[in-house]
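Okay, everyone, thanks for coming. Let me put today's structure up on the screen, and then we'll walk around it together.

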Amino acid sequence: MYATVKLNEGRDKSLKRHHPWVFSKAVARVEGNAAAGDLVKVTDNIGNFLAWGFYSPSSQIRVRALSFKENELPDEKFIRDLVRSSCKRRDALVERGNEGVRLVASEGDLLPGLIVDRYGKFIVLSVSSQAMEHCRQFVLDELFELYPECSFYERSDTKARKKEGLSDRCGVIKGEEPPEVIYVLEGGQIRIPVEIPHGHKTGAYLDQRQSRIYLSTICRGKNVLNCFSYTGGFGLWALKGGAKSVVNVDVSGPALDAARHGVVENHLDPGRCRFIRDDVFEYLRKKVNEGVKYDVVVLDPPKFAESAATLKRACRGYQDIARLGFSLLSEGGRLLTFSCSGIVDQALFQKITADAALEAGVTAQIRAALRQDCDHTVSLPCPESFYLKGLDVEVL
Ligand code: SAH
């Protein structure tokens, strides 16, 4: 028998819309015994079925729902089917010359708390919910069947894991140990550095793939400043697109080393790029004071807003760097500005960017709205899964 999680009156709306999160405040009581990772039935206050999900007693998200049909239990077959169909949906992306693809994108692929990234012959798993901790072996068994030739590595070391009461788990699951840096083909043209064992996330930011490729189309003969460069993906595509010069700025020394090697690995001209280890806020201020100008400025910062409590400060941060970025652009220059904070939505981000332009005293127009690439699937009922948005803005 499964325990039943009964919701408070009036708190059934989001599950009825198939949003997968049940917050602790919505729970009236638990009937029966439920331990971390157990499958539970969720009902409304008078006992009507709403969803099947997995219980997480220490998290604010008390239950993550997986199935919204009473006769469809999220058992081994259910999970394996979801994993398989999610992986299959990436075939077209692989065929377009991408060796790095997100095979499973958590809520986006109806598997909340599960990330599976493929980097060529390495598959990296990142589990960050009690729900997926419970399903981990089913997931692996399906992946082993789908990709028998691949090696498997785990990077379950996210902040979310701590909130779920889970300790970190990293290391080889099966096959070869991945080298510190590997290179994976992107868009059939550029080989992107990926640091599986010790890099950010599972080793690379695959979500920016289409925006990196987009950048290469607007860079011919331009001087490009790539802020928060990490291992230099935007910089590599800028060089490929014929940029006259590229300056990569990041606080991380190892990331810049990988970026430097990436230029050589891609047979691009090292004489056209520089790698600066600095705080972006300070670097931008220095360049504004020096009166330096660029044709294209990329701003791809880390997540500034972790929660509603830090939203205001985060908005100020996005606005500050955008203002400085605008101030560095020559006439006709382009600012590519991004936010990966889920709680900063597109409308708010546009407003922040508009305010920054006002503060910088420039008039600007949007040339393109940018977003996370298609393998970072967005679930229709779960707007939080659309987290990465960006704007290409031209200064008139
Ligand atoms: N554009 C990259 C991903 C950027 S991730 C890509 O396409 O792969 C964000 C980066 O910002 C990280 O590499 C991190 O080291 C860097 N970072 C965070 N805070 C910073 C700061 N204040 N100044 C400079 N770099 C910073």
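This is a predicted model: local features need pLDDT of at least 70, side-chain atom pairs count only at pLDDT 80 or more; totals for chains, interfaces and linings use all residues.

So, of the 15 residues around the ligand, which come nearest? They're Arg212, Asp250, Asp279, Val280 and Asp300.

Residues are numbered from 1 along each chain as its sequence is written, and side-chain values use heavy atoms, with hydrogens and water left out.

Back to the ligand. Its shell has 7 nonpolar, 3 polar and 5 charged residues. Here Ala, Val, Leu, Ile, Met, Phe, Trp, Tyr, Cys and Pro count as nonpolar, Asp, Glu, Lys and Arg as charged, and the others, Gly among them, as polar.

Now look for polar contacts, meaning pairs of N or O atoms within 3.5 Å. In the side chain of Asp279, an N or O atom sits 2.8 Å from a nitrogen atom of the ligand. How much of the ligand does the protein cover? On its own the ligand has 590 Å² of accessible area, and the protein covers 89% of that. Those areas come from the Shrake-Rupley method with a 1.4 Å probe.

On a 1 Å grid over the protein atoms alone, a cavity is a set of points where a 1.4 Å probe fits but cannot get out; a pocket is an open set with protein on both sides within 12 Å along at least five of seven lines; and lining residues have an atom within 4 Å of a point. A volume is the space filled by probe spheres set on the points, which are joined across faces, edges and corners.

The second largest pocket is about 310 Å³. It has 20 lining residues, and Leu66, Ser67, Phe68, Phe78 and Leu110 lie nearest its centre. Helix H2 (76-88) and strand E6 (61-67) each supply at least two lining residues, with H2 giving the largest share, 4 residues. Helices (H or I, at least four residues) and strands (E, at least two) are DSSP runs numbered from the N terminus. That pocket's lining splits into 11 nonpolar, 3 polar and 6 charged.

How many cavities of 30 Å³ or more does a search of the whole structure find? There are 2.

Last stop: aromatic pairs, 9 of them. Rings of Phe, Tyr and Trp (its six-membered ring) pair if their centres lie within 6.5 Å; planes under 30 degrees apart are stacked, over 60 edge-to-face, and the rest tilted. Tyr2 and Trp52 make an edge-to-face pair, 5.4 Å centre to centre with 75 degrees between the planes. That pair links distant parts of the chain, 50 residues apart: Tyr2 comes before strand E1 (3-7), and Trp52 is in strand E5 (residues 49-55).

Note on methods:
A residue is near a molecule or strand if one of its heavy atoms lies within 4 Å of it. A polar contact is a pair of N or O atoms within 3.5 Å; within protein, one must be able to donate a hydrogen and the other to accept it, and residues adjacent in sequence count only if both atoms are side-chain atoms.
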